Amino acid sequence: MNKLTIYIDDKQFQAEPGKSILEVCREHDIEILTMCHLKGVNDVGACRLCLVEIEGMSKLLSACTTKITANMVIHTKTERIKKYQRITTELFFAERNHVCAVCVANGTCELQDLGYKVGMDHIRYPFLFPKCEVDTSHPWYVMDQNRCIMCTRCVRVCNEVEGAHNWDVKNRGYQVRIISDFDTPWGESITCTSCGKCLQACPTGALWPKAIVQGQMKKNPEIIDELMERRKMIL
Amino acid sequence: MKSGSSLLDAELHKTDPRVKLIAAKLKKENFKPDALIEVLHTAQNVYGHLPLNVLAYISKALSLPPSRVYSTVTFYHFFSLKSKGEHTCLVCTGTACYVKGAQVILNEIESKIGLRPGQVSADNQLGIQVARCIGACGLAPAVVLDDEVQGKVTLGEIINKIIDKMAAK
Amino acid sequence: MNRQDLKTIIYAEKAKVENNKYKHKIGVCCGAGCISSGSEEVLKKLQEEVTTRGLDHDVEIIPTGCMGPCNQGPLMKYLPDHTIYQKVDCSNIAAIVQSQIIDKKPIEHLLLFADTREKPFRDAREDPFFKSQLKIVLRNCGQLNPERIEDFLVHDGYQALDKTLCEMSPEDVIAEIKHSRLRGRGGAGYPTGLKWETVYKYVNDQKYVICNGDEGDPGAFMDRSVLEGNPHRVLEGMAIAGYAIGATKGYAYIRGEYPLAIKRFETAIKQARKMGLLGTDILGSNFSFDVEVRIGAGAFVCGEETALIASIEGKRGTPRPRPPFPAEFGLWGKPTLINNVETFASISPIIINGGEWYSEIGTPKSAGTKVFALAGKINYSGLIEVPMGTSLREIVFDIGGGMQGGGEFKAAQTGGPSGGCIPAGHLDVKMDYEALTNLGSIMGSGGLIIMDQTSDMVDVARFFMEFCMDESCGKCLPCRVGTKMMCDLLQKICDNRATQIDLDRLEELAIYVKETSLCGLGGSAPNPLLSTLRHFRNEYQNRLIRHEQKDQIEVPSNIQV
């Protein structure tokens, strides 16, 4: 198939049609910040970190869900985008109760990395301090809503990769929470296979194995995409 | 939290006529998973709310994961997991009603009857709810008492009507 | 049924009307507004009264759709003369029947607006409330029985469908709609013809037509009145759209709060199927089309097209990023056309009278008429339809009869929680898509709330922000957290606890949420705030406290110190 010519940050690239802006950027080491994107599962465009400016479009579009078209002119690092990335990051921190110092994921947390990347030195918005539950009913794993950023990577992995659909989202607006079955304890789930993929998918310390102590969590979210690739070969 | 595993084992009471209504709807919709919302409407109509064992029944019948059913139920305002009381009083707080004093009505209900929106009286006789707009803007402020729309309500009149309803049982 | 059969039925019905044995015809408004004022009892009592007097063979009584001035209900219309009686109750029916039918003299003090006008009009069409209106979408509402397909057939019903199927190609239909310059009445105003053409161009074995009747704006009830008053018109519009884009299946998504609209629309579908106006090989052509009703379950965000599609598929009504647009990837991944109720109701008049005729009504960029739900601190509220470009002053003072209690006009809110306000200085604005956008508001679906000097604009902004916060689906971060924070900040201003820093944060957040949200709900949620800031900034400023006055750091109430 003929490649398409596109322009990213004033440089010209050739890319295959059908690819998303994010895929092309990652191929060429152009940094796009993401939180809800996880290679191997479908994109939802929910975190709004990967927004890019496209000439001729009045709206900012999410790089993960927008497919490239011929002669697209894309800007990924304008002042406006940088400013919004910073606000988004601050809002992530202000939404729930994130305390890095006591978190299992301290050092391996994608949210923490994001804070460093956008140069967040303080948070200008009032914290919401929601009351969140910690579900420790599972024999091996813990779900801590305080550290959840509602990226729904666990929901998608559980549904699309494992096929169990233990996780989903309840309520709406700022009251959304991740639930297991009928909002029942994870340990009593009739759908969960205890495969642990959601722990790998989680960008923060919201899902973690009980055997791990503070700061010791090792994560390998790339495993999800590797799994999907291997499955293609079996088929 | 109720126990998850015991829920799906719980069979609905076979003699309950309301189960038949849900079963009929399921059959009419051909047990298609995309009919979930239609089935939930039927269940809510016959039960007044959506008890967890009913959700478990629907989840099984439509082959949908429990969390998927629960997430859909909690997304829509129409569906309620809790019982709403024998009598319901729904105050419209749409813009027209708001401008014409819906909040004053709610305040009066709270001070005279002691219930706030979303609350149900201790004897389960009365539940107070609010709607974003029931579309009766020309009749603002509007209140729905047990499915009966009361237009252009005045404070004293509506409180008396509510008290009458509670007393009538 | 083929084309000839339809003609035969219409001739027969028309003949029936012409050889009408009835000398008198009385319509009782059975729109939802009048029903809740007690029009069903009025209807019953009227029937009894007529029977008691032995006038059954002279007087025809019909329950009609919405007549318009909803806050004067229950309304009763003596049809040959268009004499409308207001606030009719069972006690004065006997007198009305005696006077209007036997003595042939209307009772002046019971006529429409008799309590507020110096001299009420015997022919209601002469009243300024109706005189300034132009009814295209609502033309037959309030004149025909919405539960009888025959009534609709007599009023040129399904003639447009007949014309499209027998005389026009899909390309012709699209060209006609494009020529009419009709724009989507759901709020955004996207050209309807262009939308149809886009869906038409996608080749697929299955396409869908969806009618968006999830009218969620607080203060809007246009779609409800159309669905209740003339459901067949919407159904006909959907069928024509189906023919034009090549779809065989339609869904009408109606909000669950409108049980009467759902009932009447379902009745209409049954009747149309029975007559062969829906189903296979409609009117002897090889076009097949059927419609199903889907009941909304109370989520404002489902008015957004991708969320509506998710809801029809039985899922949480969360929107997804566009592109791809539903025209390419819609319901169950198939090309899908989504239009609003009012848009579909505008189709058949365009087909019958031609696009040229329609394009000459209104303003150059916004053709046709717009239905508004007029409410708030105004004398006559209800449902009105005016040509695009009618000034706000005309709507408020001529049609609406001026401010209630002699109050002073302060602002009009258009577009509900996605719109903005128009202050008194712009009363002469010509209401069309562009003019409203220039003022920082939007046309929206047609809610028009009039506010007087007692309305607190900061509180209005807070009210709408709270609405958007409650209705946010929670999928994307800017809308989920941003609306909550803006709502908290607005509450702080309302409580006189905020400083200039809070106001600056609020403004920054408003623009951020507007530009970064995934869908139109978040994208427009800051509009009422930004618009009141633009026109009434002093009301915000007056509430701020100086930074030095803050004597202590506030601790949120849900935290224990």
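Me: Which helix of chain B has the highest mean pLDDT among the elements of that chain?
Reply: This is a predicted model, in which local features need pLDDT of at least 70 and side-chain atom pairs count only at pLDDT 80 or more, while totals for chains, interfaces and linings use all residues. Residues are numbered from 1 along each chain as its sequence is written, and chains are lettered from A and ligands numbered from 1 in the order in which they are written. With pLDDT being the predictor's confidence in each residue, from 0 to 100, and helices (H or I, at least four residues) and strands (E, at least two) being DSSP runs numbered from the N terminus, the lowest mean among the elements of chain B, 50, belongs to helix α1 (residues 4-9). The highest mean, 97, is that of helix α5 (residues 66-75) of chain B.

Me: Over which residues of chain B does pLDDT stay under 50?
Reply: Chain B as a whole has a mean pLDDT of 84, with 88% of its residues at 70 or more. The stretch under 50 has 17 contacts in the model beyond four places in sequence (a contact being two residues whose C-beta atoms, placed from the backbone, lie within 7 Å), and it covers residues 1-5 of chain B.

Me: Which element gives the most to the side of chain C that touches chain A?
Reply: In this interface, 25 residues of chain C are in contact with 26 residues of chain A. The elements of chain C that give two or more residues to its side are α18 (457-471), α19 (477-494) and α20 (500-516). With eight residues, the element that gives the most is α19(C).

Me: How far apart do the C-alpha centres of domain 1 and domain 2 of chain B lie?
Reply: The domain bounds, which come from an automatic or database domain assignment, are 10-75 for domain 1 of chain B and 87-168 for domain 2 of chain B. The distance between their C-alpha centres is 30 Å.

Me: Which strands stand at the edges of the five-stranded open sheet of chain A, and why is one side of each left without a neighbour?
Reply: The sheet has mixed pairing and the order β2-β1-β5-β3-β4 (chain A), where two strands pair if DSSP finds at least two bridges between them. Two bridges join β3 (residues 51-54) of chain A to β4(A), and these strands run antiparallel. Each edge strand has a single partner strand, so one side of it has no neighbour in the sheet, and the edge strands are β2 (11-15) and β4 (61-62) of chain A.

Me: Which residue in β4(A) is the bridge partner of A:V52?
Reply: Strand β3 of chain A, residues 51-54, is joined to β4(A) by two bridges. The bridge partner of A:V52 in β4(A) is A:L61.
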